[in-house]
Amino acid sequence: TSFTNIALHKSLVHSSRKNYPFSSFIQYRKMIRFVPYLLALTSISAQTTYINPVKEDKSGYIAVPGKENECKIISSPLEGQLLFCTSSNGQITALDHVTLETLWKFPENSQDISCETGVAFSPETNTIIYGITKDDECGVHALSASREKKEEWEIFLDGKCSGTPVISSSGEYVFVTHNTGRTGMFTILKVDVDGQVDTLFDYEDDEEPFSPPGIYHNPDFGNYGNSTIGGLSNSNDIIIWANRPYEKEEGVGAAASYAFQFPVVFDGTTIGLSVTVLQRMNDPWKTIVPPTLTSGGMRLYWGVTKSKLLGWSQEDDRDRFTRKAPKSKGFDRGNPPNTPISAKVATTKSLEEPIIFTATATNQFHALSYKLDTLWNVTLAKGVVSEAQVSPDDKVVYFVDEVGSGYAYTVEGAKLWGELEIANEGVIAGYTQSVDGSHLYFASNSGIVSSFKVAEVSTADTPVPSSALPMTLAPTTIAPTAMPVSDTDSPVLPNPDTISPVSRDTDAPAPVAVVPDTSAPIVIDTFTSAPIMAFIP
């Protein structure tokens, strides 16, 4: 209990020191801002039993998705879990996450628009945001994360949206990168008490377009600059992006990376707002994906051009984001050789030393240490183009190749199952998992949404099946984190040689003890287990 209270206190301290003008929020938003913290008091310590994947006998339907689109589970503080999917025709579809029935679509008429973004969500305001392109403008739309369609606001900016907009921890600010030709633009939107949205700040690079932005809420500090210039005393949200290749670019031209934080003292105006140029590269690289920040915002990993992964691994105090990446890992190059990695990096969340998961510009998938040393890798029939999903307990990583074959490995490299047909027409859109990690959701290239049950999650009210045999593993000790980490719950894993996906019925296969695939090297010998933190629907 003491750990939980400390974590709650820390969350409230973070909230109180955000220098955003909270006085502009309506009472609803003031109330809802504290819901996640109060619910965090309910820490559900669960044992997860990984089972043979079961394709459930139901389907949802959306318009055809593209490579930049995604399906995402949203855990609404008001309505529980909902599934939202974007499509290339500019629509976003809300689905019931249990039945996959369509709840609503927006807009009804999607003529003359397109969408190349995923979905962003703010639990503070219970709002989802996505972007469209219409008449050479980037349209940012906000809707309520609810079972009924409720439009909140929209705004149109010059050019085409570059990836999914990101939302501040307060829910009051939205950060967008968008491009016109070779001009890159970064815009901050402010939403007021009446749901009116306006531009607060913008920044341009008139020579190179911008990549999608990444965000880390309330980092330990902004890991750039020095003690007098930079973010070293600033724990406001940090947004990071870079230049992306422009259309028909040959080679990799001049490029830079950028960061933004609200100043420590922020009065709600544009005074003191500025973009920090982190690097202007002598050995230039560009990217088409957001960066992944982890470990309190101190570490950063980024898939870039020439099939390379960059890492700021925070091995000492000199690993600032303003310096050249101290770690890099090159993989087999694509065709043409400058092809960038097109899947965002995924990481474990609870481990003191995170494990890094990345695709390449070809058909390989890699697991690496936080120092970018190779742990294990897999060669697939086709490449992985969407971010992998790591289970909530940091035990299993799931990934899917372009032809629609799914794979599950323990984070240490033991194969649980593979070559599972998710969709025979392929999967290129981003996929998602339920809050407790029991289900995965995919949208095929033709717009068919399917769900697979991949784990049984037990709580005090849901006993583990007697047929599930827990796996005995050596205990692991890790450094303390903001929330307690438990080593008492060992996962139970399926035999990869007995996988036989079936539709859900009363004869679904029982969980079985793990038999590691000898073709997949096991590099790490231990598991750690963390309580699952979740909103209670």
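Let's start with Lys 58, which is partly exposed, with a relative accessible area of 21%. Its partner is Glu 56, and the two form a salt bridge in which the closest N and O atoms are 3.4 Å apart. Is Glu 56 buried or exposed? Glu 56 counts as buried, at 5% relative accessibility. Keep in mind, please, that what you see above is a predicted model.

While we are on charges, here is the general idea. Side chains of opposite charge can pair when their charged atoms come close. How many salt bridges does the structure hold? The count is 13. Let me show you a couple more.

Asp 316 and Arg 318 meet through their side chains, at 3.2 Å from N to O. Asp 316 is partly exposed at 30% relative accessibility, while Arg 318, at 56%, counts as exposed. Then there is Lys 453 with Glu 456, a salt bridge of 3.3 Å, N to O. Here Lys 453 is the buried one, with a relative accessible area of 18%, because the cut-off for buried is under 20%. Glu 456 has 29% and is partly exposed.

Now, how far can we trust the picture? The mean pLDDT of the protein is 82, and 77% of the residues reach 70 or more. Over residues 1–44, though, the pLDDT is below 50, and the model gives this stretch 81 contacts beyond near neighbours in sequence. Residues 462–491 also stay under 50, with 58 contacts beyond four places in sequence.

A disulfide is a covalent bond between the sulfur atoms of two cysteines. How many disulfides does the count come to? There are 2. One joins Cys 71 to Cys 85, with the sulfurs 2.1 Å apart. Cys 71 lies in strand E3, residues 71–76, and Cys 85 in strand E4, residues 80–86, so this bond ties together parts that are 14 residues apart in sequence. The link is right-handed, with 110 degrees about the S-S bond. Cys 71 is buried at a relative accessible area of 2%, and Cys 85 is buried at 0%.

The other disulfide is formed by Cys 138 and Cys 161, whose sulfur atoms are 1.9 Å apart. Cys 138 sits in strand E9, residues 137–144, and Cys 161 in strand E11, residues 160–161, so the pair connects parts 23 residues apart in sequence. The torsion about this S-S bond is about 90 degrees, so this disulfide is right-handed. Both Cys 138 and Cys 161 are buried. Counting bonded cysteines along the chain, the pattern of disulfides is 1-2, 3-4.

Cys 115 is buried, by the way, with a relative accessible area of 3%.

Next, the inside of the protein. In soluble globular proteins, nonpolar side chains tend to be buried together. The largest nonpolar core here has 37 residues, and those with the most contacts inside it are Phe 357, Phe 365, Trp 376, Val 397, Tyr 398 and Phe 399. Several strands give two or more residues to this core, among them E25 (356–359), E26 (364–368) and E27 (374–379). Which strand gives the largest share? That is E29, with 5 residues. If you click on Phe 365, you can find its contacts beyond four places in sequence, including Phe 357, Trp 376, Val 397 and Phe 399. Apart from this core lies another, of 18 residues, among them Ile 238, Ala 255, Trp 285 and Val 304.

Last stop: Tyr 441, in strand E33. Tyr 441 is buried, with a relative accessible area of 2%. Beyond four places in sequence, it touches residues including Ile 73, Leu 83, His 97 and Leu 100. Tyr 441 and Leu 100 are 341 residues apart in sequence, yet 9.7 Å apart in space, C-alpha to C-alpha. What lies 3.1 Å from a polar atom of the Tyr 441 side chain? That is the backbone oxygen of His 97.

Terms used: Residues are numbered from 1 along each chain as its sequence is written. This is a predicted model: local features need pLDDT of at least 70, side-chain atom pairs count only at pLDDT 80 or more; totals for chains, interfaces and linings use all residues. Side-chain values use heavy atoms; hydrogens and water are left out. pLDDT is the predictor's confidence in each residue, from 0 to 100. Contact means heavy atoms within 4.5 Å. A disulfide is a pair of cysteine sulfur atoms within 2.5 Å. Helices (H or I, at least four residues) and strands (E, at least two) are DSSP runs, numbered from the N terminus. Buried means under 20% relative accessible area, exposed over 50%, partly exposed in between (1.4 Å probe, protein chains only). A nonpolar core is a set of buried Ala, Val, Leu, Ile, Met, Phe, Trp, Tyr and Cys residues joined through side-chain atoms within 4.5 Å. A polar contact is a pair of N or O atoms within 3.5 Å; within protein, one must be able to donate a hydrogen and the other to accept it, and residues adjacent in sequence count only if both atoms are side-chain atoms. A salt bridge is a side-chain nitrogen of Lys or Arg within 4 Å of a carboxyl oxygen of Asp or Glu.
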